Amino acid sequence: SVFAMPGPPHSAAKATLPFKILTALLDREEIGPAIIDEVLIDVLQTLLQVKESGSFSHDVIKCVNLLLEQVEPDLVWTFLNNLVAAEFKAFPSQGDTIESIRLVDAFMDIFEINSADAQTRYLPDLLHVMMSGHIHIARSNNYTQLAAVLQLCLKIVGKMHPVSVKDNPSVTPEVVF
């Protein structure tokens, strides 16, 4: 990992360092676009490590949000969708756990999801990928992983806020019979 930290980070300063370095690199026009595709998985893995070590502070959340705000939203959300979809298709041949679920869960815990695009497009798309792929886990009889997938689906739904058509004319209400 590009952000490999020996042992768990025990301070906010140590936990935020990889995110600050990458934020500085993304600011540089000649570097940022060239590296983001390569390091996004490392960002998520480091974020998960920070969360699991208990160093998930306000400073870490602020640094990660600043970093992710610099990245094109389509890139981040497409990456998440593709990561989950690929791992669901490969399950259980690559093991009994689905790392992407843990990564997306950590992402959902820190990333501020307030934009209309996130509410009307990105979250529903991620939920669709999750619901479309959960059948692979259900068929494997791995109920621990199925529970993790369904809990993440609930978290995604919990982050979704009703968007009024009046407030956002680009939203077309669907009528379901």
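The side chains of E52 and R102 form a salt bridge with an N to O distance of 2.6 Å; a salt bridge here is a side-chain nitrogen of Lys or Arg within 4 Å of a carboxyl oxygen of Asp or Glu. E52 lies in helix α2 and R102 in helix α5, so the pair ties together parts that are 50 residues apart in sequence. Helices are DSSP runs (H or I, at least four residues), numbered from the N terminus. The model is predicted: local features need pLDDT of at least 70, side-chain atom pairs count only at pLDDT 80 or more, and totals for chains, interfaces and linings use all residues. Residues are numbered from 1 along each chain as its sequence is written, and side-chain values use heavy atoms, with hydrogens and water left out.

**Salt bridges**

The structure holds 7 salt bridges. Among them is the pair of D109 and K51, whose closest N and O atoms are 2.4 Å apart. This pair links distant parts of the chain, with D109 in helix α5 (residues 99-110) and K51 in helix α2 (residues 32-53), 58 residues apart. Another is formed by K155 and D105, with 2.5 Å between the closest N and O atoms. K155 belongs to helix α7 (residues 143-159) and D105 to helix α5, so this pair ties together parts that are 50 residues apart in sequence. K51, D105, D109 and K155 are linked in a network of salt bridges.

The table gives the relative accessible area of several of these residues; buried means under 20%, exposed over 50%, and partly exposed in between (1.4 Å probe, protein chains only).

| Residue | Relative accessible area | Class |
|---|---|---|
| K51 | 24% | partly exposed |
| E52 | 52% | exposed |
| R102 | 38% | partly exposed |
| D109 | 29% | partly exposed |
| K155 | 24% | partly exposed |

**Aromatic pairs**

A search of the whole structure finds 3 aromatic pairs. Rings of Phe, Tyr and Trp (its six-membered ring) pair if their centres lie within 6.5 Å; planes under 30 degrees apart count as stacked, over 60 as edge-to-face and the rest as tilted. The ring centres of W77 and Y122 are 5.5 Å apart and the planes are at 0°, so this pair is stacked. W77 is in helix α4 (residues 73-90) and Y122 in helix α6 (residues 116-139), so the contact ties together parts that are 45 residues apart in sequence. W77 and Y122 are both buried. F107 and F111 also form a stacked pair, at 5.0 Å centre to centre and 20° between the planes. These two phenylalanines, F107 and F111, are buried as well. W77, F107, F111 and Y122 form one aromatic cluster.

**Largest pocket**

The largest pocket has a volume of about 180 Å³. On a 1 Å grid over the protein atoms alone, a pocket is an open set of points where a 1.4 Å probe fits, with protein on both sides within 12 Å along at least five of seven lines; lining residues have an atom within 4 Å of a point. The volume is the space filled by probe spheres set on the points, which are joined across faces, edges and corners. The lining comprises 14 residues, and P73, W77, F111, E112 and S115 lie nearest the centre of the pocket. Helices α3 (58-70), α4 and α6 each supply at least two residues of this lining. By type, the lining divides into 9 nonpolar, 3 polar and 2 charged residues. Ala, Val, Leu, Ile, Met, Phe, Trp, Tyr, Cys and Pro count as nonpolar, Asp, Glu, Lys and Arg as charged, and the others, Gly among them, as polar.

**Cysteines**

With a disulfide taken as a pair of cysteine sulfur atoms within 2.5 Å, the count is 0 disulfides. C63 is buried, with a relative accessible area of 10%, and C153 is buried at 5%.
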